[in-house]
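Reader: I would like to go through this model with you and ask what stands behind each term. Let us look at it together.

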Amino acid sequence: MNPTPAFDMVLFGGTGDLVMRKLLPALYQAHAAGSLNNNGRVLALGRKDWSREQYLAFVEEHARVHIKEYFDVGQWQHFCERIDYYRLDASDAAGYPGLAEKLAGHPQRVVVCYLATAPDLFAGICENLAAVGLNDKHVRVVLEKPLGHDLASSNAINDAVAKHFAEDQLYRIDHYLGKESVQNLLAIRFGNSLFEPLWRREWVRDVQITIAEDLGVESRGDFYDGTGALRDMVQNHLLQLLCFVAMEPPASLDADAIRDEKLKVVKSLRPFTPDDVLNKTVRGQYKSGAVGGRPVKGYLEEDHIPAGSRTETFVAIKAEIDNWRWAGVPFFLRTGKRLQERVAEIVINFRDVPHKLVPGPSGLPANQLVIRLQPEESIRLHFMAKAPGDSLVLQPTYLNLDFHEMSRSRRADAYERLLLDVIRGSLALFMRRDELVEAWRWVEPILDTWETATTPPKQYTAGSWGPAASSALLSRNGVAWHEES
């Protein structure tokens with residue numbers, strides 16, 4: 001792969017958890033792979049009055065430990081030569097002239113400002129950048145989620161940012177879209193004649209999209225209790241995956257061609273009435289249990305969670321797409337904390353054969369495509385074949401595409417791929433504003449109905465797959481979750 005253009009990567013929130021756990025390790029991997037231009041710098045910003053050496057010592061302690069593979073001491077030292085530190089309070093305009101001066105003298109460089117901060121700082125940061133001329137066409141801004149608490153607050157943030165930056169300078173990031181298996185979803189759909197004719201209502205019975213976590217809220221109690229699973233995971237990650245499954249073939253791989261098709265999907269989602277919310281959604285909250293054989297606390301016993309909180313830690317939704325391709329096919333979305341295992345997957349269940357000519361197990365879909373995003377990335381096609389022996393009886397089997405086994409070459413992780421896309425100016429895997437607006441419009445009736453509901457979230461035991469109502473949601477449609485079938 002050709003190296004990026006020359007760049008300055010400016011990391012707001014440079015001492016924070018996201019920068020240490022994800023961004024610096026991702027940039028190191030890109031550096032070690034030769035993907036970064038030699039004339040590329042990383043400038044971390046923070047409020048601490050540190051020298052460059054003090055910051056590098058902090059990076060050594062807090063970022064290096066998150067590089068689990070392909071670590072080389074020499075490459076790490078070479079990478080650290082790219083890193084500089086500048087003391088800046090992001091909310092104080094007085095520090096921005098110095099930032100502009102530090103970036104001056106290299107007009108040919110791409111400047112990427114990654115806002116790894118709280119969203120309520122986005123507007124002020126963008127205003128301060130513009131005030132010192134750091135908003136011309138070579139400057140790009142990466143916005144981390146969550147972009148707002150609802151449609152109104154999301155619009156307020158986007159309006160404020162749009163005063164100073166054009167839409168093609170804004171990169172609203174969702175790291176799930178950088179995963180190898182999501183990229184392969186597009187390749188499988190649009191690079192093969194095998195699947196595309198079957199990818200429609202005539203042949204697909206249902207679609208299940210799951211992002212399950214075995215962790216609890218950990219140290220994020222304050223943030224999480226004001227957010228909940230619907231805002232944290234459904235409105236962005238799950239809807240993005242739904243769009244990639246359901247979108248029509250784009251005219252090209254141009255960013256807007258892809259994002260136009262994703263927008264059509266979100267606009268085709270059937271809106272929820274209050275009755276729909278009661279019948280087609282499940283919200284849950286974990287109670288004490290055991291995960292991996294270890295006892296864990298319930299949500300209400302976690303640190304910084306107020307007594308009696310009704311914040312949901314689990315969501316299951318039956319979504320429906322009112323268009324020609326998908327009419328009548330339910331899309332089941334599910335996410336939760338403290339579930340049985342950490343897994344993210346997309347399951348396409350195809351319709352059964354019209355006539356059972358050969359006997360076989362009942363209750364299993366004849367054909368199923370399972371696209372696993374984490375912990376390992378793979379694509380598995382399940383089908384029926386003859387069982388060994390002298391009788392003609394079917395048994396389930398599968399073809400497995402394991403990306404680790406298929407290719408021993410290093411694969412870029414999600415953040416690495418997306419950071420390279422930003423530097424190169426590729427917007428295809430980033431949300432456009434109109435898509436974000438439609439996503440909030442679809443989610444808001446659920447939020448509003450839950451807010452006024454008198455019933456609390458349904459309890460589920462930590463270490464389970466969520467409340468029983470989640471299984472009932474599917475059984476009413478004559479199907480079951482992937483792990484239950």
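Reader: What volume does the largest cavity have?

Author: The volume of the largest cavity is about 100 Å³. Before we go on, this is a predicted model, in which local features need pLDDT of at least 70 and side-chain atom pairs count only at pLDDT 80 or more, while totals for chains, interfaces and linings use all residues. Residues are numbered from 1 along each chain as its sequence is written, and side-chain values use heavy atoms, with hydrogens and water left out.

Reader: What makes a space a cavity, and how many of 30 Å³ or more does the search find?

Author: On a 1 Å grid over the protein atoms alone, a cavity is a set of points where a 1.4 Å probe fits but cannot get out. Grid points are joined across faces, edges and corners, and the volume is the space filled by probe spheres set on the points. The search of the whole structure gives two cavities of 30 Å³ or more.

Reader: Which residues line the largest cavity?

Author: Lining residues have an atom within 4 Å of a point. For the largest cavity they include Leu143, Glu144, Arg172, Asp174, Met431 and Leu436.

Reader: Why is Ser154 called buried?

Author: Buried means under 20% relative accessible area, exposed means over 50%, and partly exposed is in between, with a 1.4 Å probe and protein chains only. Ser154 has a relative accessible area of 1%, so it counts as buried. It sits in helix α6.

Reader: What does Ser154 touch there?

Author: Contact means heavy atoms within 4.5 Å. Not counting residues up to four places away in sequence, Ser154 touches Leu147, Gly148, Leu436 and Trp440. With Trp440 there is also a side-chain polar contact of 3.5 Å. Such a contact is a pair of N or O atoms within 3.5 Å; within protein, one must be able to donate a hydrogen and the other to accept it, and residues adjacent in sequence count only if both atoms are side-chain atoms.

Reader: How do you know that the span of helix α6 is close to the expected one?

Author: Helices (H or I, at least four residues) and strands (E, at least two) are DSSP runs, numbered from the N terminus. The expected span of a helix is 1.5 Å times one less than its number of residues. α6, residues 151–162, has twelve residues and reaches 16 Å from its first C-alpha to its last, close to the 16 Å expected. The buried residues of α6, among them Leu151, Ile157 and Val161, pack against α5, β6 and α14.

Reader: What makes strand β11 largely enclosed?

Author: Seven of the seven residues of β11, 314–320, are buried, so the rest of the structure largely encloses it. Phe314, Ala316, Lys318 and Glu320 point one way, and Val315, Ile317 and Ala319 the other. In a regular strand the side chains alternate between the two faces of the sheet.

Reader: How do you know which strands pair with β11?

Author: Two strands pair if DSSP finds at least two bridges between them. β8 and β11 have four, in the antiparallel sense, and Arg283 is partnered by Val315.

Reader: In which sense do β7 and β12 run?

Author: They run parallel, joined by six bridges, and Val207 stands opposite Phe331. Seven of the seven residues of β12 are buried.

Reader: Why is Tyr70 called partly exposed, whereas Arg338 is called buried?

Author: Tyr70 has 45% relative accessibility, so it falls in the partly exposed class. Arg338 has 6%, so it is buried. Tyr70 lies in the loop between α2 and α3, with a positive phi near 60°. Arg338 is in the loop between β12 and β13, and its phi is about 55°, positive although it is not a glycine.

Reader: What kind of peptide bond joins Gln374 and Pro375?

Author: The bond is cis, with omega about 5°. Pro375 lies in the loop between β14 and β15.

Note on methods: On a 1 Å grid over the protein atoms alone, a cavity is a set of points where a 1.4 Å probe fits but cannot get out, and a pocket is an open set with protein on both sides within 12 Å along at least five of seven lines; lining residues have an atom within 4 Å of a point.
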